[in-house]
Amino acid sequence: MNAVIHINEKDNLVTCLRPIAKGETIEFEGKHYTASADIPKFHKMAVAEIKKGEHCYKYGEVIGAATTDLHPGDYVHVHNLESTRGRGDKHTKE
Amino acid sequence: MTKLMGYKRENGTYGVRNHLLILPTSVCAADTAEKIAAQIPGAISVPNQHGCCQIGSDLSLTQETLVGFGKNPNVGAVVVVGLGCDGVQARSVADEIRETGKPVESVVIQEVGGTLKAIAVGAEFAAKMARDLSLQTRVEFDISKIVLALECGGSDPTSGLASNPTIGYASNKLVGEGGSSILSETTEVIGAEHLLAARFEDAAQREKFLRMVKNVEDRAIMMGEDLRSGQPTPGNKEGGLSTIEEKSLGCMYKAGTRPFVGALNYAEPVSAAKKGLYFMDTPGQDIDSITGMVAGGAQIVVFSTGRGTPTGSPIAPVIKITGNTDTFKKMPDNIDINAGTIISGEAKLNEVGEELFREIVEVCNGRQTKAESLGHREFGIYKLTGTF
């Protein structure tokens, strides 16, 4: 079984199929990625440079925007990826 | 064409179960209905929390849901129980259910003179119905008469990778054999609506669907709230889902690849004349969502869960499938099928899809699901606004 699954070629995130330890290097599609943090099973890792505010892709579709600059190997989850939908909190501030 | 064995109803529909339903029209009648059901082995009641001091479309929704439950082909006979002064009136519900031709009686607590007399009257109706239902036997019918409800709950990233695509496979096959499926959970369409909308054949139905999705998102925005406070849930996030868009894009795989033939309101009946894949406007909360689809006529439910959930339905069998092998091993009482073998590479999607389809056939023919064997009967009616 592969360590990660890259669902769509457009995706800048992959899903880890097993826990990946910080510092561990994994190889897929001919490239190497070193995890910058512990990544739990079925959580996501960046496989491209993603600037703050840019879209993150999974299934070939937008699943949210980066809240900080992301680098290949970064653990991507609620701490650095936010939804762009249903954000009543943002509407009231604007 | 796959043949099934079920209970033929007076209106030409087929049930895969033969329930005797004691149906309370309001929260005020719910306990009495439960006491009536307790007298008659096999009779079941539902814990209705609503049905009084609701207004407008919210009140109608409760009545439509209750009527839909009574009309569901899995129900052979119904005793409707009302208090008397409640917003949803027992006789009105009974009359609507009676249109199916099935036996229906009603009991009004204030009219008969209190709890004990209502139990006596209701139990007498129910006992006779139970004897009559016991004479019914299963007969052969075509799988095209089946309406399958598609649900997911306690999702994690394996749902979108394995269990939901497996459900999509089974749904495609059922629709291919002339049956109907219902995708639901409007909240869990946010972020994937453009992909689903493109599959609607009819422009008016497509617009209706997109309006449903916009209304849910607007509700969060109008409240000034971040949808993330409720969706994804804490468990979704712990499992690895970060945003509603990610959850939605995984959820939509349950709908397979067939075109959508229509968008239904909550609890709206699926047309017997126009079969195929439908969308129903339900909340992402599983119990209310399943209740709406069963009220719309679904005889069976397939439910995908990554985190694991015990949910059943009072009148429809619920087949549980997970894409997470750890969850399958951890909650063996609750999960019927493991699709985690797709992720590990031990099985192919079409193999597990065929396994699920066979399970649907067997359960329709009478085999108990794990939720049924444990007596799970979760029930909840969606609300549009607060109670007055």
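These legends go with a set of close-up views of a predicted model.

**View 1. A salt bridge between distant parts of chain B.**
Let's start with Glu372(B) and Arg17(B), whose side chains form a salt bridge with 2.7 Å from N to O. The two partners sit 355 residues apart and link distant parts of the chain. Glu372(B) belongs to helix α15 (residues 370-373) of chain B, while Arg17(B) is in the loop between β2 (14-15) and β3 (19-24) of chain B. Is Arg17(B) buried or exposed? Its relative accessible area is 8%, so Arg17(B) is buried. Glu372(B) has a value of 21% and is partly exposed. If you'd like to look for other pairs of this kind, the whole structure has 21 salt bridges over all chains.

**View 2. Arg91(B) meets Glu111(B).**
Here the closest N and O atoms of the salt bridge between Arg91(B) and Glu111(B) are 2.7 Å apart. Arg91(B) comes from helix α3 (residues 90-98) of chain B and Glu111(B) from helix α4 (residues 109-112) of chain B, so the bridge ties together parts that are 20 residues apart in sequence. With a relative accessible area of 46%, Arg91(B) is partly exposed. Glu111(B), at 52%, counts as exposed, because the cut-off for that word is over 50%.

Now look at helix α5 (residues 115-134) of chain B, which holds both Asp132(B) and Lys128(B). They are four residues apart, about one turn of the helix. Their side chains meet in a salt bridge, at 2.8 Å from N to O. Asp132(B) is partly exposed at 37% relative accessibility, and Lys128(B) is partly exposed too, at 46%. For a salt-bridge network, look at Lys44(A), Lys58(A) and Glu246(B), which are joined into one by bridges that share partners.

**View 3. Helix α1(B) crosses α5(B).**
Helix α1 (residues 27-39) of chain B crosses α5(B) at roughly 45 degrees, and their axes come within 9 Å. That angle makes α1(B) oblique to α5(B). The crossing of these two helices is right-handed. Which residues of α1(B) meet α5(B)? They are Thr32(B), Lys35(B), Ile36(B) and Gln39(B). Across from them, in α5(B), are Thr115(B), Ala118(B), Ile119(B), Gly122(B) and Ala123(B). Sort the residues of this contact between α1(B) and α5(B) by type, and you get four nonpolar, four polar and one charged.

**View 4. Helix α6(B) packs on α14(B).**
This view shows helix α6 (residues 157-176) of chain B with helix α14 (residues 349-364) of chain B, their axes 8 Å apart and at an angle of about 60 degrees. The two helices, α6(B) and α14(B), are therefore oblique to each other. Their crossing is right-handed. On the α6(B) side, the contact includes Ala162(B), Pro165(B), Ile167(B), Tyr169(B) and Leu174(B). On the α14(B) side, look for residues including Leu349(B), Val352(B), Leu356(B), Phe357(B) and Ile360(B). The residues of the contact between α6(B) and α14(B) come out as eleven nonpolar, three polar and two charged.

**View 5. Two loop residues with positive phi.**
Most residues other than glycine have a negative phi. Phe42(A) has a positive phi, near 75 degrees. You'll find Phe42(A) in the loop between β4 (31-34) and β5 (44-46) of chain A. Phe42(A) is buried, with a relative accessible area of 6%. Ala267(B) also has a positive phi, near 70 degrees. The place to look for Ala267(B) is the loop between β10 (260-264) and β11 (277-280) of chain B. Ala267(B) is buried as well, with a relative accessible area of 4%.

**View 6. Glu61(A) and the residues it touches.**
Last up is Glu61(A), in strand β7 (residues 61-66) of chain A. Its relative accessible area is 18%, so Glu61(A) counts as buried, the cut-off being under 20%. Which residues does Glu61(A) touch, not counting residues up to four places away in sequence? Its contacts are Asp11(A) and Cys56(A) in chain A, and His194(B), Leu195(B) and Leu249(B) in chain B. Glu61(A) and Asn8(A) are 53 residues apart in sequence, and their C-alpha atoms are 8.8 Å apart in space.

Methods
Residues numbered from 1 in each chain as written. Chains lettered and ligands numbered in written order. Predicted model: local features only at pLDDT ≥ 70, side-chain atom pairs only at ≥ 80, totals over all residues. Heavy atoms only, no water. Salt bridge = Lys/Arg side-chain N within 4 Å of Asp/Glu carboxyl O. Buried < 20%, exposed > 50% of the residue type's maximum accessible area, 1.4 Å probe, protein only. Axes fitted to C-alpha atoms, helices over the stretch in contact; angles between N-to-C directions. Parallel < 35°, antiparallel > 145°, perpendicular 65-115°, else oblique. Left-handed = near helix turned anticlockwise from the far one by under 90°. Contact = heavy atoms within 4.5 Å. Nonpolar A, V, L, I, M, F, W, Y, C, P; charged D, E, K, R; others polar.
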